[in-house]
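The sequence and structure are shown first.

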Amino acid sequence: MENQTSMEATELLKDYENGKRDFAGVNLSGANLSGAILVGINLSNANLLGANLSRAHLTKAQLNGANLHRANLSFAKMGEVRLAEADLTKTNLSGAFLVKA
């Protein structure tokens, strides 16, 4: 996860709203994205350490290789999410929707 670009949650949400979907490798450590609608987003190899993604809509998101250590994904909608090699250590997945993930 070297050479990551740091990004604020507000910047990501604005870029997503403007049509951007590729955020691979960004550093969103500790970001608050609770309730965000991020369908089809690419967060592969992103640093989401301690990020709050509770109740977020992440259907068809790519989280391959992402650092989700201690992230809050409680009640997140994560149908068809790609999680290969993602670090889910101590990630809160209570109530998360993970069909076909």
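A nonpolar core is here a set of buried Ala, Val, Leu, Ile, Met, Phe, Trp, Tyr and Cys residues joined through side-chain atoms within 4.5 Å. Buried denotes under 20% relative accessible area, exposed over 50%, and partly exposed in between, with a 1.4 Å probe and protein chains only. The model is predicted: local features need pLDDT of at least 70 and side-chain atom pairs count only at pLDDT 80 or more, whereas totals for chains, interfaces and linings use all residues. Residues are numbered from 1 along each chain as its sequence is written, and side-chain values use heavy atoms, with hydrogens and water left out.

**Nonpolar core**

The largest nonpolar core has 30 residues, and L43 and L48 touch the most other members. Helix α1 (residues 9-17) supplies the largest share of this core, three residues. Helices (H or I, at least four residues) and strands (E, at least two) are DSSP runs, numbered from the N terminus. In soluble globular proteins, nonpolar side chains tend to be buried together.

Which residues does L43 contact, leaving aside its neighbours within four places in sequence? With contact meaning heavy atoms within 4.5 Å, the partners of L43 are L12, F23, A24, V26, L28, L48, Q62, L63 and A66.

L68 lies in the segment after β2 and counts as buried because its relative accessible area is 0%. Not counting residues up to four places away in sequence, L68 touches L48, L53, L63, L73, L83, A86, D87, L88, T89 and T91.

T91 is also found in the segment after β2, and its relative accessible area of 13% makes it buried. Beyond its neighbours within four places in sequence, T91 is in contact with L68, H69, R70, A71 and L73. The T91 side chain reaches the backbone oxygen of L68 at 2.5 Å. A polar contact is a pair of N or O atoms within 3.5 Å; within protein, one must be able to donate a hydrogen and the other to accept it, and residues adjacent in sequence count only if both atoms are side-chain atoms.

N67 lies in the segment after β2 and is buried, at 15% relative accessibility. A polar atom of the N67 side chain lies 3.1 Å from the backbone nitrogen of H69.

**Separations along the chain and in space**

| Pair | Separation in sequence | C-alpha to C-alpha distance |
|---|---|---|
| L68 and D22 | 46 residues | 18 Å |
| K20 and N92 | 72 residues | 27 Å |
| A46 and E80 | 34 residues | 18 Å |

Of these residues, K20 is placed in the loop between α1 and β2 and is partly exposed, at 37% relative accessibility. A46 is found in the segment after β2 and is buried, at 0% relative accessibility.

**Backbone features**

Most residues other than glycine have a negative phi, and most peptide bonds are trans. R55 has a positive phi near 60 degrees, and so does K90. R55 lies in the segment after β2 and is exposed, with a relative accessible area of 53%. K90 is likewise found in the segment after β2 and is exposed, with a relative accessible area of 58%.
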